[in-house]
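This report looks at one strand of a predicted model and at the sheet around it. Please have the sequence and the structure at hand while reading.

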Amino acid sequence: MKQFTIISCCLLIALGLHAQASKGSMLIKNGTVLTVTKGTLEGSDVLIENGKITRIGKGLTAPAGVKTVDATGKYVMPGIIDAHSHIAIDAVNEATNPVTAEVAVGDAIDPMDISVYRALAGGCTSSHAMHGSANAIGGQCQTIKHRYGSLNPNEYPMEGAPRTIKFALGENPTRVHGIGRGIVPRTRMGVEFVIRKSFSEAKAYNEAWKKYNAEKASKPTALPPKYDRRLETLAAVLSGEILIHCHSYRADEILMLMNVCKDFGIKKITFQHVNEGFKVAPELAAFGASASVFADWWAYKFEVYYSTAYNASILTKNGVVTSINSDSGDYIRHLYHEAAKTQYYGGLTDEEALALITINPAKQLGVENRVGSLEVGKDADVAIFDGHPLSVYAVPVITIVDGVVRFDRANDPDDMRLDIDPIRATTTFQMGSDHDHDRCMHGVAEAMEQLFQLKN
C-alpha cells in the first residue's frame, strides 16, 4: 500500500508538470443544429477539428480518419454552462475572515468528483466553480471545463478564462462573522462597510506600488511596499481584471453594491441568486450588471422569502444579461429543464430560453468568444439530445468537450459511480450530499460547531 501511494503521488506530480487537455475531431451529421446565436439549422452538419468547430452546413464530408456521429432525428446544441456551481471542489468556504480574497478554489480542483460526470450526463460542459458565501469578500473562483476522465486537475481550468471572485451580501456573512464570531459585519450596512474599506485599502496599495515603480529607476534606494496577496487581488478587482460575482437576494442590497461599484469605477458585475432582481431590473440594465438566477426556487431562508418564477423572464425583457444556474450537484444535470420553465413563466422564445444556459452565462464569465454558441472558430463543446432540449421528454445522449466525447449514454459503462464501495453499507440519507440545493454555505456548519465548542 505504501509503495502504491508513493507511485500515485509521483504520477500526480508528473501530471501536474504537463497539463495539456485532449482535443478531438469528428463530424456530427444531419442533426437539427440549435446555434443559439445564428438560428436553427435543419438537417445540418458540424465539423470539429482538433477541438474547434471548423464548419457548419449541409453535406459536409469527414476528413480522412475523422469519425462520424449520426445525429439524424436529434438536436445538436452548445454545451450547457452553469454560472454558479460548487462541483469539482470540496473546501468551498474560507470562513476565517470577512475578507479572504487571497484564496482560490482553482488551486484545489478534484478531477474525480463524480458530480462532473453527472453534469455531463445533463449536457453541461462547463461550470463556474465558486467560493462560498460566508465572507463579504470571499475567495477567487474558477471557470472549468468538464474534462471528466482526466485525472490531472490542471486540465480542468478553462484556458484564458478571466479571473473571477465571490462576494456575498446579507445573512450569510452577517451570521458567520457578526453572530458567529462577534466581529464586523453583524448587519447589512456592516457588509457595505467591509467592502468599501477593503476597496479603499486596495486603492491605496495600488497607488503605493505605482509610486514605487515610477521612482525606482531614478531612486535606487526606494523600498517597495510590502506585498499583500489579499490587496493585490482586490486591486485587480478595481482595475476590472477580476470579475465580481456576488451572492445576493434583496433589492436594497443589490442597489447598494451597484452604488459602491460606481464609486470605485467598477463597471462589470454579475449578481448571483438575485431573487429580488425583478424589482430593480431597469436599474440592473442601466448599470450593465448581469443576473444569474434560480428558475423557481426561494423561501429556503428568511431573506429569500419573496421572489417569483417570472424573475428570469422579467430580467431578460428588461435587457439584463440573465442566466439560470444550479448551485447544486443535482440540479446541474437539469438546467435545460430549468430553462424551459421560463417559457411557461414569461413566454420566452426558444432562443431566449436556451440563451439562459449557454451564451448568457458565457458572457457573465467573460468566455463568450470561446463557448456558449455553435459558431465556426469556437470550442467544440456540444450536447446532443434525442429531442428538443426544452421538451420535458428530451434526454441528453452525447456530451462533447473540446471535440472529445465525455459522456455517451449508449456506450458508457453501466456503473460510473466511482466513489461508491459496493460492499460497504451506505445509509439512504447523507447529510450534506450533492443532492442538497444551495451549496454556498457548504462546510460552514462544521466550522461554526467547532467554534461553539471552543467558546464553551
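Along β10 of this predicted model, the side chains of I242, I244, C246 and S248 point one way, while those of L243, H245 and H247 point the other way, and all of these residues are buried. In a regular strand the side chains alternate between the two faces of the sheet. Strand β10 covers residues 242–248, and seven of its seven residues are buried, so that the strand as a whole is mostly covered.

Strand β10 pairs with β9 and with β11, and the table sets out both pairings.

| Partner of β10 | Residues | Sense | Bridges |
|---|---|---|---|
| β9 | 163–168 | parallel | six |
| β11 | 269–273 | parallel | five |

Which residue of β10 stands opposite F167? That residue is C246. Toward β11, H247 stands opposite Q272, and the bridge partner of S248 is H273.

These strands belong to an open sheet of eight strands, with mixed pairing, in the order β6-β7-β8-β9-β10-β11-β12-β13. Its edges are taken by β6 (80–85) and β13 (322–324), and because each of these has a single partner strand, one side of each is left without a neighbour in the sheet. From one strand to the next, the twist averages 25°.

Helix α6 (residues 251–263) packs on the sheet, where the helix touches β10 and β11, and the direction of α6 makes about 160° with that of β11. Together, β10, α6 and β11 make a right-handed β-α-β unit.

Technical notes
Residues are numbered from 1 along each chain as its sequence is written. This is a predicted model: local features need pLDDT of at least 70, side-chain atom pairs count only at pLDDT 80 or more; totals for chains, interfaces and linings use all residues. Side-chain values use heavy atoms; hydrogens and water are left out. Buried means under 20% relative accessible area, exposed over 50%, partly exposed in between (1.4 Å probe, protein chains only). Helices (H or I, at least four residues) and strands (E, at least two) are DSSP runs, numbered from the N terminus. Two strands pair if DSSP finds at least two bridges between them. A crossover is right-handed if, with the strands pointing away from the viewer, the path from the first strand over the helix to the second runs clockwise. Axes are lines fitted to C-alpha atoms, for helices over the stretch in contact, and angles run from 0 to 180 degrees between N-to-C directions. Contact means heavy atoms within 4.5 Å.
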